[in-house]
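Biologist: I have just opened this model and would like a friendly tour. Could we start with the surroundings of a single residue?

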Amino acid sequence: MLALLDEINAENEKVLAGGGPKYVARHRERGKLPARERVELLVDRGAPMLELSPLAGYGTEHPLGGGMMMAIGQVEGTECLIMANDPTIRGGSQSPVSVAKALRGYEIARINKLPLINLTESGGADLPFQSQIFVPGGATFKEISRLSKNGVPTLALVFGSSTAGGAYVPGMSDYTVFVKGGAKVFLGGPPLVKMATNEDADEETLGGAEMHAKQSGLADYLARDEFEAIALGRQIMRHLRMSRPAPDGATGPDPVYDLDELLGVPSVDPRIPYDIRDVIARTVDASEFEEFKPLYGANLVCGWARLHGRDIGILGNNGILFSEESQKGAQFIQLCNQQSIPLLFIHNITGFMVGTRYEQGGIIKDGAKLINAVSNSCVPHYSLMVGNSYGAGNYAMSGRAYDPRFVFSWPTHKIAVMGGKQLAGVLSIVRENAAKASGRELDADAEAQARAAVEAQIDSEQTALYATGQIWDDGIIDPRDTRTVLGLAMSAARGNPIDSERGYAAYRM
Ligand code: COA
């Protein structure tokens, strides 16, 4: 586990280096602060901060981290979703990864009712990739607007360029602060204006901070410098009457077991099973866990505990899901909904049981009951990916597509429709059958090669790093931080303790 963590931390170091020494030095020479320093100045001293999706884009051709920092931090005692473009990376331009990361950020702000603070300095769309950005990117403006409609304030502190689509970040926000001499906000910069209308315009007259403060009215506050812009952002947060509960620093007794032992609970070999209670015992307050129906459907461990003093219902996998596990899980989720208790799903699941006996026993309809319960549950869900998360097991355990408030992974996480060996084997059998049906002989060597190639491809696409690169989670965490990270996530979710729609679809019995 420590070796896996080293690999992940090496990637985190790359993100901290931004666009590299040359661009960071140039940025500082211009008298500007790096994105992370802006965020550090904005948040309350000593308050915890939870960074989200730092390794978005891993394994893609786009800059690691999506060229922006995203975190939940406290500003004037209110938890906020903060996004900060890193202008040292391709001018802060937005790649397809940046768009996907921002959309997840807006979703987190919306479902948890977190005020949004954008620290803007961006060259807009990463132009060579415009075809992958333009259509999905449109939703970013909509999300900012809908936050405001739902009573969640949105702030844009504009430090530098904010061109074209980027101009709508302040354009759609409730409050805007522009840095004098820094912010440059226009639908089209001077070259585009020249092309479109043949007008010769200079940047300051076209979109400078003073112009927007005195003439267009897009800037609500004009800041002398970056420090004052951050101070103004904090001042705005001070006057807001938020319906969010203030962070209460809730806490509870530490687990009685040593958290360091979490490093040794899962094997790096995903086939080796372990007792999920060993994870629970090192996560919840005082290691106290009231288990529900321990003798029935024993492969799905369900029960109640407290985490940093807050109630939580936990579902954890101890093996494959059979009909009994599915029914027990569905019942447990309903009980937690009845009492408005949030749910933590701890994934180590290879899927539902297959085979004639189980199909005849109705495994599909029992699995559907669990998926129905998960889909329509209205308490906050948190997913913790400690090991495998395969097939419909991922869905039944409130995987990313089931709108959990947050998803965090351990380095030992694996995610796919099924394991590489199984998938390659299935394809191989399909090819064999097709060859038999057409009376062809299969070339054994070519078949073995094809099978190995598929297995290698699937194995490389199911790692925790690959998954976090695709933003299937909100970040990979050190197992020893699990309790802290979940505590911060639960605190952030308190602004919206229950989703508005209650009730279930008809159950197939
Ligand atoms: N798409 C892709 N790459 C971009 C980019 C964009 N929108 N904006 C900047 N970059 C790249 C530059 O090509 C440069 O790459 P290089 O170092 O490999 O040559 C790097 O980012 C830094 O850009 P640079 O112009 O040197 O930085 P700057 O700090 O002096 O200026 C901007 C930053 C954003 C003001 C300026 O690059 C700019 O005006 N970009 C275009 C903005 C625009 O019109 N966007 C339209 C979006 S729809």
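Biologist: Is F292 buried or exposed?

Modeller: This is a predicted model, so bear in mind that local features need pLDDT of at least 70 and side-chain atom pairs count only at pLDDT 80 or more, while totals for chains, interfaces and linings use all residues. Residues are numbered from 1 along each chain as its sequence is written, and side-chain values use heavy atoms, with hydrogens and water left out. Buried means under 20% relative accessible area, exposed over 50%, and partly exposed in between, with a 1.4 Å probe and protein chains only. At 13% relative accessibility, F292 therefore counts as buried.

Biologist: How many aromatic pairs does the whole structure hold?

Modeller: Rings of Phe, Tyr and Trp (its six-membered ring) pair if their centres lie within 6.5 Å; planes under 30 degrees apart count as stacked, over 60 as edge-to-face and the rest as tilted. When the whole structure is searched, the number of aromatic pairs found is nine.

Biologist: Which kind of pair do F292 and W304 form?

Modeller: Their ring centres are 5.6 Å apart, and the angle between the planes is 75°. Planes over 60 degrees apart have their own label, so the pair of F292 and W304 is edge-to-face.

Biologist: How far apart in sequence are the parts that this pair ties together?

Modeller: Helices (H or I, at least four residues) and strands (E, at least two) are DSSP runs, numbered from the N terminus. F292 lies in strand 9 (residues 290–292) and W304 in strand 10 (residues 300–307), so the parts tied together are apart by 12 residues.

Biologist: What angle do the ring planes of F322 and Y358 make?

Modeller: The centres of these two rings are 5.4 Å apart. The pair is edge-to-face because its planes are at 65°.

Biologist: And how far apart in sequence are the parts that F322 and Y358 tie together?

Modeller: F322 is in the loop between strand 11 (310–317) and helix 13 (323–338). Y358 is in helix 14 (residues 356–360), so the parts tied together are apart by 36 residues.

Biologist: Let us move to the ligand. Which residues come nearest to the ligand?

Modeller: A residue is near a molecule if one of its heavy atoms lies within 4 Å of it. There are 15 residues around the ligand, and those that come nearest are Y23, R26, R30, G123 and A125.

Biologist: How far is a backbone N or O atom of G123 from a nitrogen atom of the ligand?

Modeller: A polar contact is a pair of N or O atoms within 3.5 Å; within protein, one must be able to donate a hydrogen and the other to accept it, and residues adjacent in sequence count only if both atoms are side-chain atoms. A polar backbone atom of A125 lies 2.8 Å from a nitrogen atom of the ligand. For G123, the distance from a backbone N or O atom to a ligand nitrogen is 2.8 Å.

Biologist: Which elements give two or more residues to the shell around the ligand?

Modeller: The shell divides into five nonpolar, six polar and four charged residues. Two or more residues come from helix 2 (21–29) and strand 5 (154–163).

Biologist: What separates the C-alpha atoms of R244 and G495?

Modeller: R244 sits in the loop between helix 11 (226–239) and helix 12 (277–280), and at 8% relative accessibility R244 counts as buried. Its side chain makes a polar contact of 2.8 Å with the side chain of E79. Although R244 and G495 are 251 residues apart along the chain, their C-alpha atoms are separated by 4.7 Å.

Biologist: What is the relative accessible area of I117?

Modeller: I117 is found in strand 4 (residues 116–122). Leaving aside neighbours within four places in sequence, I117 is in contact (heavy atoms within 4.5 Å) with residues including L42, V75 and M237. I117 is buried, because its relative accessible area is 0%.

Biologist: Last one: what is the phi of R90?

Modeller: R90 is in the loop between strand 3 and helix 4 and is partly exposed, with a relative accessible area of 48%. R90 is not a glycine, yet its phi is positive, at about 45°.

Key: Nonpolar A, V, L, I, M, F, W, Y, C, P; charged D, E, K, R; others polar.
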